Structures are given as structure tokens and as C-alpha cells.
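Hi,

Here is the structure I said I would pass on to you. Have a look at it first, and then read my notes below.

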Amino acid sequence: MNPPTATPAPPPRPVAPSPGFIPALQGLWTLQWRLRTARPRLVKTLVGIALGLLLVLASSVHRIVFYNMVVSFYFALCVPLACLVTCGAMIREEMEERTIGFLITRPVPRWQLFLAKYLVQVTWLQILLLVVLVGLMVVGTLRGVPELGGLFLTLMVAQALVVPAWGALAALLGLAHARYVIFGIVYWLVVEVLLQVVPTGIHNLSLANHSKTILAQHDALHDTTLLERIDPSDLSVGTALFFLGLLTAVYMAASTALFHFREYLPGPDSDQS
């Protein structure tokens, strides 16, 4: 009688490779695009933009009024607020909708997930704000405002530079507390205002101060309320670009560290503040 043959062991299952940063970024962008361009939300966004442009169209009677509207209201107020609402909510929305567990249990390091979320939000903001900026230039053309070509280029470059910085600060505030909008507004009204009037080098910590430096490169904007007290000889674009990059890196480093070490999953030890 032949001895029973041993059943060969099944081959080991191949270990699935980690998706990596780029696939995670692509997946989050696809999700973001579908969410933001869904018909109800897209219609609300476009209607809001259209109403704002109509308000500018009705208010702008000559060049200086239009310039003040664009610089002092849109660029100095609306752009930081848009960054605060969008980037501050990128993790808080996941927590409120109970989808944070699905996000952070993916086989991707937390810091890479946070960086991918940040890049997706900033990219979307750049697209949205560019649409608004083009709309403002159309309104200016209809009102007969001169020198719009140089103004558009200056605002487009300045916007592309300051949105990542404001977005990084907003992301940090969103991780730190659920009432990030209130804290962001208080920061803008108190800290940014105080930093701009301090004569020492500490004013380099003000994002708004460096935004003004970039805007002041367009001579026609020197007559606006926001820039009329600035001495162009005291401005350095190189310094502004350096500190915008530095502050963005600092805010992102603090945010990624907070997201990595702080518990955000629902539970007794989770962050709900």
C-alpha cells in the first residue's frame, strides 16, 4: 500500500504594493472634482460668483473704485476667506461625515494623505479663483476700466502665490479646532493687522503684508486704499516670496505633524474639538 502523499502548501499571497502618493493624489482629485462639479453644488457656486460680479458691475463707476473693489475687497478679504473655508474644512468635513476612518486607514502614510488633500484643495481654489478673476476683468471691460491687462497679470500671479500660504494656515486651523472659521477671522482681524503695523522684522510673519508687496509691483494700484501708504522703495519681492514660501512650509509642517500624531478616529480618545 502506497503511503499518502503530502498536500503541497499553497503559494504565499503576493503582498499588494502601497498605492503611493501619486495614486492617492489622483484618487483624491477625482473625488474632489466629482464632488465640486456635481450639478447642485456647481450651480450654487456659479450663481454665487455671478451675483458677486453683478454687484461689482453695479458699484464700479470709475477706475479707482473698481481697483479698490478688486484689491481691498476681493484680494484682501475674499481670497483669504475662501482659503479658510475650503482648506480649513478638508479634514473637518471628513470627521463630521464620519468618513475620516476610510481616509486614514488607507495604506498610505498620514502625512502623504494630508499633503495630497491640501494640494487637491489648493488646486481647486486656484481654478475657482481664476474664474472669478476673469469675471472681474470682464466686468472691468464692460465698465471701461483701463490698464486691465497688467492688472490681470499682477493679480493672477499674486493670487497663485498667496493661495498656498493662506491655505496652509487654514488647514492648520482646521486641524486645531472645530471652530476654525471663527479663529481664522480673529487671526485675520487681530494678528494680521497688528503684524502689519509693527515696524520691526516681525511684520515679515504677516501674509497680508507680503501680498501687498506683490500687488504694489503694479503702479496703477498705488492709488488704492490698501496700498496708498506703502513706500515702494521699502518693498522687496524677493523677501516677500521667501517668507511666503517659508510660512507655507512651517504651517504645513505643523499641520502634518498634528495630523500624524493626533487621533481623529471616532472614539473616546478622538479629537472632537
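A question to start with: is Leu125 buried or exposed? Keep in mind that this is a predicted model. Leu125 has a relative accessible area of 1%, and residues under 20% count as buried, so Leu125 is buried.

Where does Leu125 sit? You'll find Leu125 in helix α5, which covers residues 110-142. Setting aside the neighbours within four places in sequence, Leu125 is in contact with Ala82, Cys83, Thr86, Cys87 and Val163. Take Val163 from that list: Val163 and Leu125 are 38 residues apart in sequence, yet their C-alpha atoms are 7.7 Å apart in space.

Now for the chain as a whole. Of the 273 residues in the chain, 40% are buried. If you take the contacts between residues at least 6 apart in sequence, 78% of them join residues at least 24 apart.

Next, the core. The largest nonpolar core has 69 residues, and the ones that touch the most other members are Phe66, Ile91 and Leu136. Helix α3 (residues 63-96) provides the largest share of this core, with 15 residues.

Last, a helix pair. How do α6 and α9 lie relative to each other? The axes of helix α6 (residues 148-176) and helix α9 (residues 237-261) come within 9 Å and cross at roughly 25°. Angles under 35 degrees count as roughly parallel, and α6 and α9 are therefore roughly parallel to each other. The crossing of α6 past α9 is left-handed. By class, their contact has 17 nonpolar residues, two polar ones and no charged ones. On the α6 side, the residues that meet α9 include Leu161, Ala165, Leu169 and Leu172. From α9, the residues in this contact include Leu244, Thr248, Tyr251, Ser255 and Phe259.

Happy to go through any of this with you.

Cheers

Definitions and conventions
Residues numbered from 1 in each chain as written. Predicted model: local features only at pLDDT ≥ 70, side-chain atom pairs only at ≥ 80, totals over all residues. Heavy atoms only, no water. Core = buried A, V, L, I, M, F, W, Y, C linked by side-chain atoms within 4.5 Å. Buried < 20%, exposed > 50% of the residue type's maximum accessible area, 1.4 Å probe, protein only. Helix = DSSP H or I, 4+ residues; strand = E, 2+ residues; numbered from the N terminus. Axes fitted to C-alpha atoms, helices over the stretch in contact; angles between N-to-C directions. Parallel < 35°, antiparallel > 145°, perpendicular 65-115°, else oblique. Left-handed = near helix turned anticlockwise from the far one by under 90°. Contact = heavy atoms within 4.5 Å. Nonpolar A, V, L, I, M, F, W, Y, C, P; charged D, E, K, R; others polar.
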